[in-house]
Amino acid sequence: MAAPDSTGAEKARLDDAFSELYKAHLRDVYSYSYYRVGNHHDAEDLTEQTFLQAYRHFARAQRESDGRPLRPWLIRIAHNLAANYYRDRSRKPQTPIDDAGEISAVHTTEAIVEDRDDLKRILEGVQQLPDDRREALIMRFALGMDNREIARALGRTDGATKVLLHRAIRQLEQTVKQAEGATEP
Amino acid sequence: MSEHPDDFVVGHRQFADIETLLRRALSPVEPPKELEARLEARLGSLVDMAAEELDALEISAMRDPRNWARPVVAVAVGSTAAVGLVLVRTQRRRHKRRREADSTVDLVGRTLRDLGREARRVADDLL
């Protein structure tokens, strides 16, 4: 057993490292949660649970990370919790994501109304994708994760992740085209 | 609109490159300030405090009754905080429950279910 002083120092070092991780990735976890569950209330809960669980397993994760970034591990926790959330409540995201833009960006002119319609259509298309494709797109475009990070978060190979992203974008393109085609006069 | 090799045409309109649209549609969402404050408070006190107090005690030291006060205090503080958290989180959902309930009995049932759910979640955090 380690001497009390070294245990205390190790604990302090871990707490500092966790605090850094928290500050660096709170927005990532919240963004991921928000786009997964579709509303702010549940996104807050999911973010809170993610960090509490991460805190409990942080020492081991750090040991096993071998110096690699811990963001994929953090997002994987959120991913698993989100899966439980849907399983427990037997539901899929039903709340349309419609106010994220109001928080993250300010739209001021009427000239971009059509543009906003396009973005809305894209979001609706994303919500219709199968879970794994939707998640891959959220990680890539909301969080800016690269293929390797996404692969680690989803527990897939780099190659499989590349294919997953490609298929997600192609399917989304088709979905949006069909939706747009259906609204044409 | 200028044409770009990655743009795709739908009906009479032309969409921008879908990846550009995705990047804008899925823009990062800033967490609410209250969440930051709540999380920092929880991480900084509830879990940390109880765990640190309990972890700091050597099992051998437990044989000495003079050392029993610390874990009892840690457990008591942790339990009080946990009960408080369950109540606060259940209270936060009251508007949603009222909206969804179709009778007083239903509302009571929903409140009890919420209490149970939050208690289980807080217990999971602590164990």
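**Contacts within and between chains A and B**

Glu30(B) and Arg27(A) form a salt bridge in which the closest N and O atoms are 2.8 Å apart. This pair crosses between the chains, running from Glu30(B), in the loop between helix H1 (18–25) and helix H2 (33–56) of chain B, to Arg27(A) in helix H1 of chain A. The model in which this contact is found is a predicted one. Glu30(B) has a relative accessibility of 39% and therefore counts as partly exposed, and Arg27(A), with a relative accessible area of 39%, is likewise partly exposed.

A second salt bridge between the chains is formed by Arg38(B) and Glu44(A), whose closest N and O atoms lie 3.2 Å apart. Because Arg38(B) belongs to helix H2 of chain B and Glu44(A) to helix H2 of chain A, this pair joins two chains. Both Arg38(B) and Glu44(A) are buried, whereas Glu30(B) is partly exposed at 39% relative accessibility. Salt bridges with shared partners bring Glu44(A), Glu48(A), Arg38(B) and Arg42(B) together in one network. Over all chains, a search of the whole structure finds 15 salt bridges.

One of these salt bridges lies within chain A, where the side chains of Asp158(A) and Arg148(A) meet at 3.3 Å, N to O. The pair links distant parts of the chain, with Asp158(A) in helix H8 (residues 158–183) and Arg148(A) in helix H7 of chain A, 10 residues apart. Asp158(A) has a relative accessible area of 35% and so is partly exposed, while Arg148(A), at 56% relative accessibility, counts as exposed because the cut-off for that class is over 50%. In helix H7 (residues 147–154) of chain A, by contrast, Glu149(A), Ile150(A), Ala151(A), Ala153(A) and Leu154(A) are buried. Just after H7(A) comes Gly155(A), which takes a positive phi of about 70°.

The two chains can next be described in outline. Chain A has eight helices and zero strands, so that its elements, read from the N terminus on, run α-α-α-α-α-α-α-α. Chain B has five helices and two strands, and its elements run β-β-α-α-α-α-α from the N terminus on. Of the 185 residues of chain A, 46% count as buried, and in chain B buried residues make up 35% of the 127 residues. Among contacts in chain A with a separation of 6 or more, 70% are between residues 24 or more positions apart; in chain B, 42% of the contacts between residues at least 6 apart in sequence join residues at least 24 apart. The accessible surface of chain A comes to about 9500 Å², with 50% of it belonging to carbon and sulfur atoms, and that of chain B comes to about 7900 Å², with 60% belonging to carbon and sulfur atoms.

Phe58(A) and Trp73(A) form a tilted aromatic pair, with 6.4 Å from centre to centre and 40° between the planes. Because Phe58(A) lies in helix H2 and Trp73(A) in helix H3 (residues 71–89) of chain A, the pair ties together parts that are 15 residues apart in sequence. Both Phe58(A) and Trp73(A) are buried, and ring pairs link Phe18(A), Tyr22(A), Phe51(A), Tyr55(A), Phe58(A) and Trp73(A) into a cluster.

In soluble globular proteins, nonpolar side chains tend to be buried together. The largest nonpolar core here has 61 residues, and those with the most contacts inside it are Phe51(A), Trp73(A), Ile122(A), Leu137(A), Leu172(A) and Leu22(B). H1(A) gives the most to this core, with 12 residues. When its neighbours within four places in sequence are left aside, Trp73(A) is in contact with Leu21(A), Ala54(A), His57(A), Phe58(A) and Ala61(A).

Methods. Residues numbered from 1 in each chain as written. Chains lettered and ligands numbered in written order. Predicted model: local features only at pLDDT ≥ 70, side-chain atom pairs only at ≥ 80, totals over all residues. Heavy atoms only, no water. Helix = DSSP H or I, 4+ residues; strand = E, 2+ residues; numbered from the N terminus. Buried < 20%, exposed > 50% of the residue type's maximum accessible area, 1.4 Å probe, protein only. Contact = heavy atoms within 4.5 Å. Areas by Shrake-Rupley, 256 points an atom, 1.4 Å probe, with all protein chains shown as cover. Phe/Tyr/Trp six-rings, centres within 6.5 Å; stacked < 30°, edge-to-face > 60°. Core = buried A, V, L, I, M, F, W, Y, C linked by side-chain atoms within 4.5 Å. Salt bridge = Lys/Arg side-chain N within 4 Å of Asp/Glu carboxyl O.
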